[in-house]
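Subject: Structure handover

Dear colleague,

Here is the structure for your files. My notes on what turned up in it follow below.

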Amino acid sequence: MKKIYYILIMIIVAFGSISVFYFYFPFKFKSEPISLQSVYTISPPRIDGYFNSTEWAPAFNITFSLVSSRGESRPGELYILNNNTHLFLAFRILNEDYDGPPSGNNDALSIWLDVNNNEELDSYEDIKIIYTSATPYLDACHTGAGITIYIYSDSNYGGSQDGCAAWNHTDPAGWGTLTFEIAFPFISNDIHDLNVSRGTTIGIDFEYESPGPYLFIAEWPGDSLKANEWAKLVIA
């Protein structure tokens, strides 16, 4: 009987030690962030929404899954390049229904950027938004205080609309590949843009929303309101 008591006591002590370690040293259990990098090129791709595999061949690329809170999943691809002044990104959703004009239910891809890489949602940091509309691009910034996030055009706060974007869907009558292409400066005179040098690491996150009759909202790789869950992008 004493032996049984001894074993029970040891199990309780071990469990307590693990619990204390977990609560006082949570950083030990934090997963490593996804690492991305932009590859330098002297021949940047055309930003027209029509994905050209030859133009994007030199790019860093990664596959992923967009998973909504309801458990729906969409496969995706991301390609990243830079030409010493601008970042070029192609974000592709490989199995998505068409919901652009003329339905009026524009899809939107938001690219959240943690400029100083401090893993916090600081006010007036950079955000780029691409809509499946005739005027697809918004160069913006946001306030990060509190639960409610307000998004403002850079031009409303002394900045300008820097960069461009385009989109295309392979089957306007049904399901196919939805491609977003975007270019924007990481060096500019706009205080709301990145304004970082090559070799810098920033945080980045993607949020996709397809309103339509079948609402689909997903974020990758983390929660857009939790910058400590975002990927790390090196501007190589």
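The side chains of Lys-128 and Asp-139 meet in a salt bridge, with N and O 2.6 Å apart. A salt bridge here is a side-chain nitrogen of Lys or Arg within 4 Å of a carboxyl oxygen of Asp or Glu. Lys-128 lies in strand 6 and Asp-139 in strand 7 (residues 137-143), so the pair ties together parts that are 11 residues apart in sequence. Helices (H or I, at least four residues) and strands (E, at least two) are DSSP runs, numbered from the N terminus.

This is a predicted model, in which local features need pLDDT of at least 70 and side-chain atom pairs count only at pLDDT 80 or more, while totals for chains, interfaces and linings use all residues. Residues are numbered from 1 along each chain as its sequence is written, and side-chain values use heavy atoms, with hydrogens and water left out.

Salt bridges with shared partners join Asp-126, Lys-128, Asp-139 and Asp-193 into one network. Within it, Asp-126 forms a salt bridge with Lys-128, the closest N and O atoms being 3.1 Å apart, and Asp-126 is buried as well.

The count of salt bridges comes to eight. Another of them links Arg-46 with Glu-55, at 2.7 Å between the closest N and O atoms. Glu-55 is buried, with a relative accessible area of 18%.

Strand 3 (residues 73-82) is mostly covered, since eight of its 10 residues are buried. Two strands count as paired if DSSP finds at least two bridges between them. Strand 3 pairs with these strands:

- Strand 1 (residues 35-40) runs parallel to strand 3, over two bridges; Val-39 stands opposite Leu-81.
- Strand 2 (residues 60-67) is antiparallel to strand 3, over eight bridges, and Asn-61 has Tyr-79 as its bridge partner. The two strands form a hairpin with five residues between them, and Gly-71 in the turn has a positive phi of about 90°.
- Strand 4 (residues 86-97) is antiparallel to strand 3, joined by seven bridges, with Ile-80 opposite Leu-89. This hairpin has three residues between the strands, and Asn-84 in the turn has a positive phi of about 90°.

Strands 11 and 12

Strand 11 (residues 201-210) and strand 12 pair in the antiparallel sense over five bridges, and Glu-209 stands opposite Ile-217. They form a hairpin with five residues between them, where Gly-212 in the turn has a positive phi of about 35°.

Backbone points to check by eye

Most residues other than glycine have a negative phi, and most peptide bonds are trans. A cis peptide bond joins Trp-220 and Pro-221, with omega about 0°. Pro-221 is in the loop between strand 12 (216-220) and strand 13 (231-235).

Asn-117 has a positive phi of about 55°, and Tyr-124 has a positive phi near 70°. Asn-117 counts as partly exposed at 25% relative accessibility, and Tyr-124 is partly exposed at 36%.

Regards

Methods: Buried means under 20% relative accessible area, exposed over 50%, partly exposed in between (1.4 Å probe, protein chains only).
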